[in-house]
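Work through the exercises below with the structure in view, and try each task before reading its solution.

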Amino acid sequence: MIQGDLVAYVAANSSVAAKAGGRAYWLTAPQDSSALSHVVLTQVSGERDLTHGGESGLLEMRLQIDFVATNFADAAAMREAVCAALNGYKGAMGSSTINAIQHAGDLPDQYEDGAALYMASSDFMVSYQK
């Protein structure tokens, strides 16, 4: 599935591997990872392409990726590295066929006081085949 393929691709990114130990998750991070650097991918919205004959098999999702780290420099570095790797990507990704990934913008940076964690986030438009 596309979700697992995206998580695996991001987890394998050299910056994510170095700064977050390859910890990348879909939708939520495990409770015990809250004090560790990690990345969370979330589908914000999605569309199915329809033709007069029904579904075409082309899907598109808005993907938000949150880069969480114990210092802002690491969160920002992971965001920049993954943005560079994903923006303009097309082709095979695991078992999925990606038509195009486009960086759709960065979200406001955040700091979670209670956990002492920094977060940098980006949105992407992902067009892929069913």
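This is a predicted model: local features need pLDDT of at least 70, side-chain atom pairs count only at pLDDT 80 or more; totals for chains, interfaces and linings use all residues.

Ring pairs join Phe72, Tyr111 and Tyr118 into a cluster.

**Exercise 1. Classify the ring pairs that join Phe72, Tyr111 and Tyr118.**

Solution. Begin with the count, which comes to three aromatic pairs. For phenylalanine 72 and tyrosine 118, the ring centres are 6.5 Å apart and the planes stand at 65 degrees, and since an angle over 60 degrees counts as edge-to-face, this pair is edge-to-face. The pair also links distant parts of the chain, for phenylalanine 72 belongs to helix α3 and tyrosine 118 to strand β7, 46 residues apart. Turn next to tyrosine 111 and tyrosine 118, whose ring centres are 4.6 Å apart with planes at 50 degrees, so that this pair is tilted.

**Exercise 2. Decide whether phenylalanine 72, tyrosine 111 and tyrosine 118 are buried, partly exposed or exposed.**

Solution. The step needs two cut-offs: under 20% relative accessible area is buried and over 50% is exposed, with partly exposed in between. Phenylalanine 72, at 30%, is therefore partly exposed. Tyrosine 118 has 28% and is likewise partly exposed, and tyrosine 111, at 42%, also counts as partly exposed.

**Exercise 3. Describe the setting of serine 121 in strand β7.**

Solution. First take the accessibility: with a relative accessible area of 1%, serine 121 is buried, because the value is under 20%. Next look at what surrounds serine 121, which touches Gln64, Ile65, Asp66, Arg79, Asp106 and Leu107, leaving aside residues up to four places away in sequence. Finally, pick out the polar contact, which runs from the side chain of serine 121 to the side chain of aspartate 66 at 2.5 Å.

**Exercise 4. Find which elements build the largest nonpolar core, and which of them gives the most.**

Solution. The core has 29 residues, and those with the most contacts inside it are Val10, Val39, Leu41, Ile65 and Ile101. At least two core residues come from each of α1 (2-12), α2 (14-20), β2 (38-51), β3 (54-69), α3 (72-86), β5 (96-106) and β7 (117-129). The element that gives the most is β3, with six residues.

**Exercise 5. Locate the largest pocket through its lining.**

Solution. Ten residues line this pocket, and those nearest its centre are His38, Val68, Glu112, Leu117 and Met119. The elements giving two or more residues to the lining are β6 (110-112) and β7. The space in the pocket is about 170 Å³.

**Exercise 6. Compare the backbone and the accessibility of leucine 27 and alanine 116.**

Solution. Most residues other than glycine have a negative phi. Leucine 27, however, has a positive phi of about 75 degrees, and alanine 116 has a positive phi near 55 degrees. Then place each residue: leucine 27 is in the loop between β1 (24-26) and β2, while alanine 116 is in the loop between β6 and β7.

Key:
Residues are numbered from 1 along each chain as its sequence is written. Side-chain values use heavy atoms; hydrogens and water are left out. A nonpolar core is a set of buried Ala, Val, Leu, Ile, Met, Phe, Trp, Tyr and Cys residues joined through side-chain atoms within 4.5 Å. Buried means under 20% relative accessible area, exposed over 50%, partly exposed in between (1.4 Å probe, protein chains only). Helices (H or I, at least four residues) and strands (E, at least two) are DSSP runs, numbered from the N terminus. Rings of Phe, Tyr and Trp (its six-membered ring) pair if their centres lie within 6.5 Å; planes under 30 degrees apart count as stacked, over 60 as edge-to-face and the rest as tilted. A polar contact is a pair of N or O atoms within 3.5 Å; within protein, one must be able to donate a hydrogen and the other to accept it, and residues adjacent in sequence count only if both atoms are side-chain atoms. Contact means heavy atoms within 4.5 Å. On a 1 Å grid over the protein atoms alone, a cavity is a set of points where a 1.4 Å probe fits but cannot get out, and a pocket is an open set with protein on both sides within 12 Å along at least five of seven lines; lining residues have an atom within 4 Å of a point. Grid points are joined across faces, edges and corners, and a volume is the space filled by probe spheres set on the points.
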